[in-house]
Amino acid sequence: MATQVDAWSSAPQADGAVTSDHQPEASCPYSDDDDGLDEVEVNGNWTPQEKALHEARLKAKAKRRLRRSSSRNSTSESVSESGETPGGDPHAAKGKVHNNDRKSRTGKGRGLPKKGGAGGKGVWGAPGMVYEAEEPDVRDPNYDEAAQGDTVYETVVPEVEEKELEKMVNPIVLEYFEHGDTKEVEVLLKELNLGQHKYEFTSVAVSLSLEGKASHRELTSRLLSDLSGKMLTQGEMAHAFDKMLKELPDLILDTPEAPQMLGQFIARGIADHVLPMNFLDSYKGKVDCEHARVALDRAAVLLSMKKGMIGLDNVWGVGGGLRPVKHLVKKMNLLLKEYLISGDVSEAERCLRDLEVPHFHHELVYEAIVMVLESNGDTASHMMMKLLQSFWKTGLITVDQMNRGFQRVYDELHEICLDVPHAHPIMEAFVDLCYQESVITKQLRDACPFRGRKRFVSEGDGGLIKN
């Protein structure tokens, strides 16, 4: 076989045969040069092996042509006659498709958009598609909060910690002692998120009232009655009073009468249905603290009285301006009479403060002056002057109340003279004494009415009035 190949290669070439310069290289059996193949076909002295090799090369050539034609057909719509892609780079090589072209290279695609135009980012979707209403996305850069219609904002109030609860509740209770409006307290408590520590409000309010006056304790009892069932339940009220019973050893340090007062609170709470009816029964035989036993015994005694729960409405008394005017006048008369007997200015001052009617102190001044006019001797006038002087210096009686009390006596002096004929000279002497001791002002002293004396001449002068 090798001998035949060498003989064929060394044989003289026929006329029209290609020279060695145009002979196809043996190392490139799949060359695309068609001319070289035609020239080889002229030589008819082929061996069977050469003929089989030649047929294999023809088959490979046909496959390459078929593959090339199919790729040209798939890109015929986008490739121009000159081989340039429309809109492509004019400096690029001709007949080549750009690498950035997104069309198929395999010849399987038809050059149509994916999913019929319904796929990909930023497309409208397939024709005839019905879109549903989408909820606005807050993270969308074009999200407009004002264009979303009525926006409802929910205020979230954090729960008050137990350490800060007393600081936040104290101002509310102290302000309530001034105005006495339970509805305002309810509104303020709703703004606070007390959470599971709501019962602490009861203990704080009661503790502050123990350090205050009787009117404050009355207001606290009314507040607990109004809040019961709305803001606080009976169980929470009972929890608060149970805590205060355990804290009585500390409460008596500031308020020695705390056990008795707490017992009155418990009795009033049971009467007002703030505490459950079996509150006292749950402590029988279970209390070791002496102060707690005193408070519970006090409550039991008040509940077992003849009047029963009806009489507990006035367990703290009627305080301040809620008392009738006749009752206040009677209390002030009793205060002044006790002072004339004992001469204790501090006790009289304490009694006047307990009445809690600073707007009605002019009545005390009026009653004191009337007692001076109705008394005999100078003892009462000097004692009343000292009492008014003490109230003036301590600020218990203000300038307005002092002037108003004296002015009331000035206006009624002519009627007082009907019962006390010598009221005018006594009044003049008392006013001068008060002015000398700086109890009243000069203007108030000059406003005092003076009774002029009519001096007649003798009968022989014709009844004329002597100038």
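This is a predicted model: local features need pLDDT of at least 70, side-chain atom pairs count only at pLDDT 80 or more; totals for chains, interfaces and linings use all residues.
Start by selecting Met-231, which sits in the loop between helix H7 (214-227) and helix H8 (234-246). Met-231 is buried, because its relative accessible area is 16% and the cut-off for buried is under 20%. For one of them, Lys-190, draw the C-alpha to C-alpha distance to Met-231: 8.2 Å in space, across 41 residues in sequence.

Next, select helix H13, residues 345-355. Show the side chains of Ala-348, Glu-349, Leu-352 and Leu-355, which are buried. They lie on the same side of H13, because they cover an arc of only 115° around the axis. Now bring in H12, H14 and helix H15 (379-394), against which the buried residues of H13 pack. Then step to Glu-356, which follows H13 and has a positive phi, near 55°.

Finally, keep H12 (residues 325-342) and H14 (residues 361-374) on screen. Their axes are 10 Å apart and the packing angle is about 50°, which makes H12 oblique to H14. The crossing of the two helices is right-handed. On the H12 side, select Val-329, Met-332, Asn-333, Leu-335, Leu-336, Lys-337 and Leu-340; on the H14 side, select Glu-363, Leu-364, Glu-367, Ala-368 and Met-371. Coloured by class, this contact of H12 with H14 shows eight nonpolar, one polar and three charged residues.

Note on methods:
Residues are numbered from 1 along each chain as its sequence is written. Side-chain values use heavy atoms; hydrogens and water are left out. Axes are lines fitted to C-alpha atoms, for helices over the stretch in contact, and angles run from 0 to 180 degrees between N-to-C directions. Helices (H or I, at least four residues) and strands (E, at least two) are DSSP runs, numbered from the N terminus. Angles under 35 degrees count as roughly parallel, over 145 as roughly antiparallel, 65 to 115 as roughly perpendicular and the rest as oblique. A crossing is left-handed if the near helix is turned anticlockwise from the far one by less than a right angle, and right-handed if clockwise. Contact means heavy atoms within 4.5 Å. Ala, Val, Leu, Ile, Met, Phe, Trp, Tyr, Cys and Pro count as nonpolar, Asp, Glu, Lys and Arg as charged, and the others, Gly among them, as polar. Buried means under 20% relative accessible area, exposed over 50%, partly exposed in between (1.4 Å probe, protein chains only). The arc is that of the directions from the helix axis to the C-beta atoms.
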